[in-house]
Amino acid sequence: MSRDAWECRQCGRCCHAEIPVTVWDIERLRKELNETPESVFARMVDPQPSKHSSVFKIRKQPSGGCVFLDEQNTCSIHSEKPRICDFFTCQEQSAEGGTPLAWTARCHDPQDQLRIWEESVAVEATRCYIKKYGCLYDENGYRAAIESVRDQIVTSDGEQAKLARNEDGSALAMVYDCESCPNRGEHVKETPVTLLDIQGMAAHLNMSIAEFFTDCLTPASSTETGGLQLKRNRTCLFFDPISHCSITTARPMHCRFTPCPQRVKLAGQFDRFFLAAGTVSQQFRHQVALHWTRRYVEENGVHFRESAFYDYLACIERDEHNVENWRNFCDTIRPYRFIDDTSRSCHDSAEKV
């Protein structure tokens, strides 16, 4: 069910749930109310952190509703409500005939991508604050947390934002604007692809898999992933004369999940788990596809072997429902998610195995 498929009935049920809050939520609200951070912090933050996300949680009224829920059962701070409320998908109406969406499921819209990325940075800053100060207000700690978030977020149109990791595991935030880059498409040496990518691109181009291997892949495997790669000159084979991808809707997952190489100082040392580039399920499926593409190359080189190609596609289909591997993957990326949106998918995967 899409977010546009329902209208809020003002039942207030979601406002009685635990509502995670970040320092950035507090900062946005205190500007709207023209109050001090300390006063908003005191009104908003519960003495105990959120059980779900290890950030703050919002205070509740004696009735159990959010402290900002008014007598008409509506939000009194709607324009600057906590970001999680903006991402929320109504569980009440989903239960009536739809499937609740993971909160990252709207990643196709650039503004949603920026808000999701902004939230991930705010969550990291809030967790760091709580480790040092708990759920008590500290002026210097609050200012440092807000500056940390402010230094890493962008809101201007056209810029892309992605999150990788430094060697010590800390967040590596990068922003960039492809449209303003004079050397678009020239910053990488190769474009790695998986068997799933090839299947999708060949269908998009109305080519057979055999033709795609011959016409579109290099005779050498990818040095970056150990799998396959597209042909390149100065740019990718599918980069058109006006410097845009000509197969945008079918482009390789590597292109979707990888930040600007020009901005990555630790090339080869970051994980490709980016908040602004797809849901957890999509990211996990890509990692499974990378594994089996490497296996394919080890056995067949870069040549098309029809039976092997479809056998390995079947392996990808099987392993993307492997519950143990899924949970290991979720544990790896959990520090970079807000609220764990993997429970439903894990449950669904368990039923399929």
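The legends below accompany close-up views of a predicted model.

**View 1. The whole chain, with its confidence.** This is a predicted model of a chain with 353 residues, of which 45% are buried. Its secondary structure comes to 13 helices and six strands. Among contacts between residues at least 6 apart in sequence, 67% join residues at least 24 apart. The average pLDDT is 78, and 70% of the residues score at least 70. In residues 96–108 the pLDDT is below 50, yet the model gives this stretch 33 contacts beyond near neighbours in sequence. Residues 337–353 also stay under 50 in pLDDT. For that segment the model has 42 contacts beyond four places in sequence. Where pLDDT is low, predicted coordinates should not be read in detail.

**View 2. Helix 1 packed on helix 2.** A packed pair of helices is described by the angle between the axes and the distance between them. Helix 1 spans residues 23–33 and helix 2 spans residues 37–44. Their packing angle is about 115 degrees, and their axes lie 9 Å apart. The two helices are therefore roughly perpendicular to each other. Helix 1 and helix 2 make a right-handed crossing. From helix 1, the contact takes in Ile-26, Leu-29, Arg-30 and Leu-33. Helix 2 meets them with Pro-37, Val-40, Phe-41, Arg-43 and Met-44. By class, this contact holds seven nonpolar and two charged residues, with no polar ones.

**View 3. Helix 7 packed on helix 11.** Helix 7 covers residues 195–205, and helix 11 covers residues 306–319. They pack at about 110 degrees, with 10 Å between their axes. That angle makes helix 7 roughly perpendicular to helix 11. The crossing of helix 7 with helix 11 is left-handed. Helix 7 contributes Leu-195, Leu-196, Ile-198 and Gln-199 to the contact. Across from them, helix 11 contributes Phe-309, Tyr-312, Leu-313 and Ile-316. Seven of the residues in this contact are nonpolar, one is polar and none is charged.

View 4. Helix 5 runs over residues 110–133 and includes Ile-130. Ile-130 has a relative accessible area of 15%, so this residue counts as buried. Neighbours within four places in sequence aside, Ile-130 is in contact with Pro-49, Ser-54, Val-55 and Phe-56.

**View 5. Asn-73, a residue with positive phi.** Asn-73 sits in the loop between strand 2 (56–57) and helix 3 (83–87). Its phi is positive, about 65 degrees, although Asn-73 is not a glycine. With a relative accessible area of 25%, Asn-73 is partly exposed.

View 6. The loop between helix 7 and helix 8 (209–216) holds Asn-206. Phi of Asn-206 is near 60 degrees, a positive value in a residue other than glycine. The relative accessible area of Asn-206 is 72%, which means that Asn-206 is exposed.

Key:
Residues are numbered from 1 along each chain as its sequence is written. This is a predicted model: local features need pLDDT of at least 70, side-chain atom pairs count only at pLDDT 80 or more; totals for chains, interfaces and linings use all residues. Side-chain values use heavy atoms; hydrogens and water are left out. Axes are lines fitted to C-alpha atoms, for helices over the stretch in contact, and angles run from 0 to 180 degrees between N-to-C directions. Helices (H or I, at least four residues) and strands (E, at least two) are DSSP runs, numbered from the N terminus. Angles under 35 degrees count as roughly parallel, over 145 as roughly antiparallel, 65 to 115 as roughly perpendicular and the rest as oblique. A crossing is left-handed if the near helix is turned anticlockwise from the far one by less than a right angle, and right-handed if clockwise. Contact means heavy atoms within 4.5 Å. Ala, Val, Leu, Ile, Met, Phe, Trp, Tyr, Cys and Pro count as nonpolar, Asp, Glu, Lys and Arg as charged, and the others, Gly among them, as polar. Buried means under 20% relative accessible area, exposed over 50%, partly exposed in between (1.4 Å probe, protein chains only). pLDDT is the predictor's confidence in each residue, from 0 to 100.
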